[in-house]
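Dear colleague,

My findings follow directly after it.

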Amino acid sequence: MLLEVKKIEKNFGTRAILKQGSLELRTGETVGIFGRNGAGKSTLMKILFGTMRANASSLYIDSIPFNPSTNIAGKLIAYLPQHSFLPRGLKVRDLIPLIISDGERQNQVFYSPGVASFDNQRIGSLSLGILKYLEFLLLAYLDHPFLMLDEPFSMIDPLYHEIIKKVILSLRASKGILVTDHYYDTVWDVTTRNYVLVDGSLSLIKAKDDLSTYGYLPGRK
Ligand SMILES: Nc1ncnc2c1ncn2[C@@H]1O[C@H](COP(=O)(O)OP(=O)(O)OP(=O)(O)O)[C@@H](O)[C@H]1O
């Protein structure tokens with residue numbers, strides 16, 4: 001499947017955050033988006049997910065116009081936001097079947113490393129890192145063809161970084177994945193194509209050095 005984003009524009013007041021950017025994401029590829037704080041990476045994902053409206057955009061899935069407001073019902077794009085979205089009062093083991101209906105996919109979450117050590121806990125009692133890891137697993141193992149990950153590695157310890165990387169790599173063939181995180185080395189390890197978002201425009205980058213060239217990393221400007 002192919003998700004196409006054409007001429008996406010977003011302004012907050014007089015500030016242009018996204019300026020006519022375009023992006024393609026196919027199932028089978030993992031695309032990294034890098035950019036400084038406030039560059040507009042989360043804004044782009046929120047627009048694609050349907051929780052924020054663009055000032056202008058043309059979106060297509062397999063060349064058919066796509067309205068993000070239909071995304072949740074259509075189960076096309078799963079989205080890990082920066083902030084937790086799970087109900088705090090439920091136990092992990094009771095929540096997993098509420099989010100994932102398919103038994104085999106539920107088991108992929110239940111049998112992921114570490115889950116057995118906290119599946120009897122309530123969501124509200126999990127540490128921030130464990131909560132993020134659980135949210136990642138729940139969304140990664142949904143059947144949706146596209147997955148957007150907004151900072152999946154932040155707050156998470158190095159051992160879980162490795163597990164998340166492995167899961168992303170294992171899903172790469174079947175999903176189109178969009179990922180952004182300031183752990184740029186970790187993101188770079190799992191991506192097949194990368195962009196940097198500067199001044200509202202997405203530029204394709206070929207080498208990690210380009211992150212300095214575009215002013216995301218210190219060094220060359
Ligand atoms: N609802 C809003 N109203 C006004 N300004 C907003 C709103 N949401 C985001 N912004 C602004 O838009 C800009 C882009 O924000 P966004 O969260 O997309 O950045 P980001 O690239 O994800 O940054 P970070 O790396 O810090 O997560 C920021 O300057 C932010 O303050």
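The largest share of the shell around the ligand comes from helix 1 (residues 41–49), which contributes 3 residues. Please note that this is a predicted model. The residues that surround the ligand are Phe 12, Ile 17, Gly 35, Asn 37, Gly 38, Ala 39, Gly 40, Lys 41, Ser 42 and Thr 43. Sorted by class, this shell holds 6 polar, 3 nonpolar and 1 charged residues.

As to annotation, the UniProt record, an unreviewed entry, lists residues 3–217 as "domain: ABC transporter". In the model, that span is 31% helix and 28% strand, and its end C-alpha atoms lie 29 Å apart.

Turning to the overall fold, the protein contains 8 helices and 10 strands. Its radius of gyration is 17 Å, close to the 17 Å that the globule rule gives for 221 residues, so the protein is as compact as a globular protein of that length. Along the principal axes, the C-alpha atoms fill a box of roughly 50 × 40 × 35 Å. Burial applies to 38% of the 221 residues. Among contacts with a separation of 6 or more, 68% are between residues 24 or more positions apart.

Of its 5 residues, 5 are buried, so strand 3 is largely enclosed by the rest of the structure. A residue counts as buried here if 20 or more other C-beta atoms lie within 10 Å of its own. The burial concerns both faces of the strand: Thr 30, Gly 32 and Phe 34 point one way, Val 31 and Ile 33 point the other way, and all are buried.

Which strands pair with strand 3, and in what sense? Strand 8 (residues 176–180) pairs with strand 3 in the parallel sense over 3 bridges. Within that pairing, Thr 30 has Ile 177 of strand 8 as its bridge partner.

Yours sincerely

Definitions and conventions. Residues numbered from 1 in each chain as written. Predicted model: local features only at pLDDT ≥ 70, side-chain atom pairs only at ≥ 80, totals over all residues. UniProt positions renumbered as here; feature names shortened; annotations may be inferred. Helix = DSSP H or I, 4+ residues; strand = E, 2+ residues; numbered from the N terminus. Near = placed C-beta within 6 Å. Nonpolar A, V, L, I, M, F, W, Y, C, P; charged D, E, K, R; others polar. Rg over C-alpha atoms; globule rule 2.2 N^0.38 Å. Buried ≥ 20, exposed ≤ 12 C-beta atoms within 10 Å, placed from the backbone. Contact = placed C-beta atoms within 7 Å. Pairing = 2+ DSSP bridges.
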